[in-house]
Amino acid sequence: MQIKLIYGRKGLEVDLPEYLDVIEPRFIPGLKNEEQAILQDLRNPIGSAPLGELIHPGMSVVIVHTDITRATPNERILPVVLGELEAYGINRDDITLLNGLGTHRIQTDDELRAMLGDHVFENYRCLQHDCLDDNGLIYLGKTSFGHPVRINKTYLDADLKILTGFIEPHFFAGFSGGPKAVLPSLAGVESVFTNHGYEMIGHPESTWGITESNPIWEEMREAALLTEPDFLLNVALNNQHEITGIFAGELLAAHRAGCNFVKDISMVPVEAAYDFVITTNSGYPLDQNLYQSVKGMSAASRITRPGGVILLVAACEDGLPDHGAYPRLL
């Protein structure tokens with residue numbers, strides 16, 4: 001049986017036995033007109049006034065977007081948001097696009113251009129979060145979990161704060177998207193490390209598909225609400241990176257709707273655990289390093305019997321990654 005694994009940028013063809021089971025998300029075709037669909041949701045959001053009604057000429061606006069390790073189609077959603085802002089009188093010089101890196105490495109100009117598209121890269125202020133820059137962070141106090149919250153100053157100083165991203169099941173935050181655009185994306189290093197700390201990750205509710213009662217997600221929510229974000233735009237994607245759902249509006253209401261949509265499509269039950277599971281990390285950009293690819297192993301472990309075998313197939317074109325402390329720690 002010929003199977004094309006979602007691997008790297010182009011996939012990987014493998015020849016496997018006929019008697020295997022193939023477990024994958026239910027396929028939903030992409031929206032026929034993504035731009036029109038995004039506009040419609042910006043103007044008819046969930047739990048919020050339309051984006052245009054939140055806008056006043058002269059406002060400073062920050063749009064937070066995901067970094068290169070995420071599959072968000074920034075180059076397709078951001079121009080629509082920018083066009084709507086300018087249609088309602090926001091000056092281009094008052095708009096900042098902020099790359100929510102968390103503790104990840106800075107992107108090169110070529111990577112930013114590829115992520116955002118030529119027009120956005122060349123015509124808008126594009127900044128990148130630095131979790132180690134004390135002068136660029138503002139302390140907001142501690143969460144109910146006792147952890148410090150420091151958040152990007154440029155974002156906090158904006159009159160209008162827009163969070164973007166995409167939603168998929170996440171191996172310890174429950175789902176991506178939503179409040180993750182603030183913590184970890186715009187947080188200081190100590191805020192990320194305490195949220196992602198051993199006790200938090202070791203909690204039994206810190207796992208795939210759980211938000212409420214998951215301490216990691218609950219702290220992310222708490223930190224995000226401290227910053228008073230004005231609008232969320234999250235999308236769902238199929239395995240061809242086409243947009244299948246758009247969830248815009250108030251942070252929690254829009255994210256909840258998106259999580260319900262993604263859970264119904266992506267989380268597939270099986271009758272019994274397997275002896276041997278072959279998995280991937282959803283291809284580029286998600287499998288660009290081993291650190292990110294642990295997610296594929298975690299998903300596979302949910303359906304592998306104790307003592308069974310998991311084979312992870314990931315391109316890891318960025319190494320372990322080659323930067324940061326992960327190689328040294330290993």
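A residue counts as buried when its relative accessible area is under 20%, as exposed when that area is over 50%, and as partly exposed in between (1.4 Å probe, protein chains only). The structure described here is a predicted model, in which local features need pLDDT of at least 70 and side-chain atom pairs count only at pLDDT 80 or more, while totals for chains, interfaces and linings use all residues. Residues are numbered from 1 along each chain as its sequence is written, and side-chain values use heavy atoms, with hydrogens and water left out.

The structure contains 4 aromatic pairs, where rings of Phe, Tyr and Trp (its six-membered ring) pair if their centres lie within 6.5 Å, and where planes under 30 degrees apart count as stacked, over 60 as edge-to-face and the rest as tilted. The table gives two of these pairs.

| Aromatic pair | Class | Centre to centre | Angle between planes |
|---|---|---|---|
| Phenylalanine 171 and phenylalanine 172 | tilted | 4.7 Å | 45° |
| Phenylalanine 247 and phenylalanine 261 | tilted | 5.4 Å | 55° |

Phenylalanine 247 belongs to strand β12 (residues 243-249) and phenylalanine 261 to helix α9 (residues 251-266), so their pair ties together parts that are 14 residues apart in sequence; helices (H or I, at least four residues) and strands (E, at least two) are DSSP runs, numbered from the N terminus. Phenylalanine 247 is buried at 7% relative accessibility, whereas phenylalanine 261, with a relative accessible area of 25%, is partly exposed. Phenylalanine 171 and phenylalanine 172 are both buried, and ring pairs link Phe171, Phe172 and Trp208 into a cluster.
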